[in-house]
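This report examines how the parts of one protein chain pack together. The sequence and the model are shown first.

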Amino acid sequence: MTGVEYMMECMTKDLVILLMERRHMDMESALDTLYNSDTFKKLQDVRSGLYFQSPLYVYDFLEKEIETGTPA
């Protein structure tokens, strides 16, 4: 596993935890929400640099996507 892959995995874990805490989702719903989001697609694109940002910064994008139904 490369450093970038590790950072993406850590970010994924942190985002799932945030969804569970802030939106009161169970783990399965949080994973489903994240994996099916445009935010996650951007996170997986190394060129976006999102994996290098703070989890709260990326969560803000995800929250806006959930609230509006459109990518941030």
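Predicted model: local features only at pLDDT ≥ 70, side-chain atom pairs only at ≥ 80, totals over all residues.

## Helix 4: length and faces

Helix 4 comprises the 14 residues 55-68. At 1.5 Å a residue it should span 20 Å, and the 20 Å between its end C-alpha atoms agrees with that expectation. After the helix comes Gly69, whose phi is positive, near 80°.

Four residues of helix 4 are buried: Val58, Tyr59, Leu62 and Glu65. They cover an arc of only 120° around the axis, and therefore lie on the same side of helix 4. An α-helix has 3.6 residues a turn, so residues three or four places apart point the same way. The buried residues of helix 4 pack against helix 1 (3-22), helix 2 (27-35) and helix 3 (38-44). On the face turned away from this buried side, helix 4 carries the exposed residues Glu67 and Thr68.

## The nonpolar core

The largest nonpolar core contains 16 residues. Leu15, Leu19, Leu34, Leu43 and Tyr59 have the most contacts inside this core. Helix 1, helix 2, helix 3 and helix 4 are the elements that give two or more residues to it, and helix 1 supplies the largest share, six residues. In soluble globular proteins, nonpolar side chains tend to be buried together.

Neighbours within four places in sequence aside, Leu43 is in contact with Met8, Met11, Thr12, Leu15, Ser48, Leu50 and Tyr51.

## Met27 in helix 2

Met27 belongs to helix 2. Its contacts, leaving aside neighbours within four places in sequence, are with Val16 and Met20. Met27 and Ile17 are ten residues apart in sequence, and their C-alpha atoms are 8.1 Å apart.

## Arg23 in the loop between helix 1 and helix 2

Arg23 is located in the loop that lies between helix 1 and helix 2.

Not counting residues up to four places away in sequence, Arg23 touches Leu18, Tyr59, Glu63, Ile66 and Glu67. Among these, Tyr59 is one of the buried residues of helix 4, whereas Glu67 is one of the exposed residues on the face turned away from the buried side. The side chains of Arg23 and Glu67 are joined by a polar contact of 2.9 Å. Arg23 and Glu63 are 40 residues apart along the chain, with their C-alpha atoms separated by 9.4 Å.

How values were computed: Residues numbered from 1 in each chain as written. Heavy atoms only, no water. Expected span 1.5 Å × (residues − 1). Buried < 20%, exposed > 50% of the residue type's maximum accessible area, 1.4 Å probe, protein only. Arc of directions from axis to C-beta. Contact = heavy atoms within 4.5 Å. Core = buried A, V, L, I, M, F, W, Y, C linked by side-chain atoms within 4.5 Å. Polar contact = N/O pair within 3.5 Å; in protein donor to acceptor, adjacent residues only side chain to side chain.
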